[in-house]
Amino acid sequence: MIPAVNLRPRASLGRVLDDLGATLLDLVAGDAEGAQEIGGVVIHDPVDLPLLPPAALVLGVGVDEPGHVVALLRSLGEQRAAGLVLRSPVQVTDEVRAAVADSGVTLLGLSRGAPWAHLAAMLRSLLAEGDVGVSEPESLGGLPSGDLFAVANAISSLLDAPITIEDRSSRVLAFSGRQDEADPSRVETILGRQVPERYARVLSERGVFRELHRSDRPVFITPIPMAGNTFTQPRVAVAVRAGDEVLGSIWAAVPGPLSDERTEALCDAAKLVALHLLRVRAGADVQRRLRADLLSSALEGGVGAREALDRLGLGGQQLMVLGVAVTGSDVGDGADDDAVVAHERERLSDAFAMHLSAVHPKSAAALIGGVAYGLVPVPGTADGAEERAARIGQEFLDRVGDRRSAVVGIGPAAGDVAELAHSRSCVDRALRVLRDGGGGRRVARLADIHVEALVLEMRDVVAARGDRPEGALARLMAYDAQHHANLVETLQAWLEAFGDVVAAAEGLYVHPNTFRYRLRRLMEVGEMDLSDPDVRFGALLQLRLLPPTPAPAPAE
């Protein structure tokens with residue numbers, strides 16, 4: 001069992017069904033109203049250790065055979081789980097009903113077509129009330145601070161219409177009940193947690209988004225033709241603003257234009273939603289900064305490292321250290337590019353944090369200096385910890401896909417504060433090599449690329465001192481510049497081919513006899529004895545640390 005999202009909820013299964021029911025979830029068997037507050041959302045993994053918080057809501061991805069369902073319900077009952085979500089339609093046999101009754105675990109069904117990741121994200125949003133670092137519950141406009149689902153339901157009551165609250169990218173942040181009263185396009189939006197592309201394209205062509213973003217008044221959208229000679233319901237939308245910034249929008253599926261009273265009510269509601277969105281953003285920023293500060297203190301290994309680990313809930317444990325960074329190709333040159341890269345790093349860090357939370361409930365991750373570091377407790381002994389961390393890193397890259405050019409560095413397992421600082425240093429050294437190319441690798445331990453790391457570090461030393469090629473290499477470079485020759489290139493090819501003239505000649509696309517002539521010539525010009533191993537090593541080291549640059553030809 002591996003936790004997927006927030007571990008500090010404020011809602012019961014009854015509340016979840018009220019807000020997500022009809023469109024995403026339905027009650028299959030059991031008593032949702034009698035269940036206690038949910039203690040966390042967990043993805044079922046049959047091959048990992050069962051790590052359940054109290055009263056967990058378990059997402060049974062891929063579980064559908066009644067025998068497996070019965071066995072899982074019994075196991076969850078022993079661990080006092082609150083509910084189990086399966087993909088609809090759920091096969092409810094007599095044995096399944098009996099297992100629900102005996103275990104006390106409520107059985108829910110997830111609508112077909114709704115991705116599990118979207119359900120997890122919706123549950124995270126729904127269960128995150130009070131997660132903004134305040135000691136007492138706060139309210140805005142008489143509603144719990146940051147509870148966008150409660151806000152959506154309140155607006156729905158005012159307008160007598162199903163409501164969605166969306167961000168600037170038309171992703172659904174929350175929605176009200178009664179979505180079944182809307183058209184198929186709205187249901188598809190809820191299931192996918194995103195406005196369908198074809199519908200968004202029509203809205204863009206009609207100029208709806210442009211009008212929405214430049215006006216503070218509601219925009220009425222006439223029905224849009226869909227497949228099968230059907231039309232959508234009309235919509236009314238209003239932008240949610242904080243000053244000049246558009247935070248998102250509110251969308252209502254309505255039978256026709258709003259009355260003046262309801263138009264004003266929607267405008268007032270937009271101001272209230274803005275306050276809630278800002279509160280959610282502020283809370284997330286506070287939590288992100290606090291977690292980054294604690295993680296940074298722990299990784300630096302100073303006097304506050306032990307206390308920081310304790311506050312993260314990671315004290316006294318063997319830990320794996322991972323680091324994720326975007327590659328150099330993603331770094332821009334201008335201010336706008338820098339802002340894009342910073343935003344991409346934050347998104348990658350958030351995705352990495354969620355991935356690690358699905359690996360272990362006590363994992364911690366934060367963005368520090370452009371690198372998303374993660375700490376994951378090691379189950380059992382530290383044997384094989386680096387290999388397991390490498391698998392975790394590769395799985396993360398597989399999930400985010402090629403659209404994000406990221407690399408993952410792995411450090412050795414750490415059992416105390418000093419080892420933790422050393423492991424972080426190993427991660428940084430590995431990441432530097434991976435960002436520099438890394439031989440095509442995207443995940444690596446320092447042991448895998450130690451030589452490459454040493455070469456980069458020695459380059460730093462010679463660059464700091466301003467060293468330039470001397471001796472034989474300098475003579476060859478000067479000769480090449482004056483005579484437009486290829487002696488340096490010939491030397492490098494011969495050294496990298498371990499003295500195999502045929503292989504080196506093929507690499508330069510020249511005849512072996514031509515290559516032999518050049519080799520004799522470079523030994524004469526450079527005054528080099530290539531039969532001496534020290535000479536060969538010195539030449540290769542200079543070529544690695546001081547890549548030759550064309551020297552100006554001497555004046556005639």
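In this predicted model, a nonpolar patch on the surface is formed by L454, M458, F537 and L541, whose accessible area comes to about 350 Å² together. Two elements each give two or more residues to this patch, namely α14 (450-465) and α19 (533-545). L541 belongs to helix α19.

Of its 556 residues, 47% count as buried.

The largest nonpolar core holds 50 residues, and the members that touch the most others are L20, L25, V85, L119, I155 and I250. Apart from this core lies another, made up of 34 residues, including A366, V407, L434 and L456.

Once neighbours within four places in sequence are set aside, L25 is in contact with V16, L17, L20, V85, L108, G109, L110, S111 and L119. Among these partners, L20, V85 and L119 are also listed with L25 as the core members touching the most others.

As for the overall fold, the protein contains 19 helices and 20 strands. Among contacts with a separation of 6 or more, 63% join residues 24 or more positions apart.

Terms used:
Residues numbered from 1 in each chain as written. Predicted model: local features only at pLDDT ≥ 70, side-chain atom pairs only at ≥ 80, totals over all residues. Heavy atoms only, no water. Core = buried A, V, L, I, M, F, W, Y, C linked by side-chain atoms within 4.5 Å. Buried < 20%, exposed > 50% of the residue type's maximum accessible area, 1.4 Å probe, protein only. Contact = heavy atoms within 4.5 Å. Helix = DSSP H or I, 4+ residues; strand = E, 2+ residues; numbered from the N terminus. Patch = residues over 30% accessible without salt bridge, like charges linked within 9 Å, V, L, I, M, F, W, Y side chains within 5 Å. Areas by Shrake-Rupley, 256 points an atom, 1.4 Å probe, with all protein chains shown as cover. Salt bridge = Lys/Arg side-chain N within 4 Å of Asp/Glu carboxyl O.
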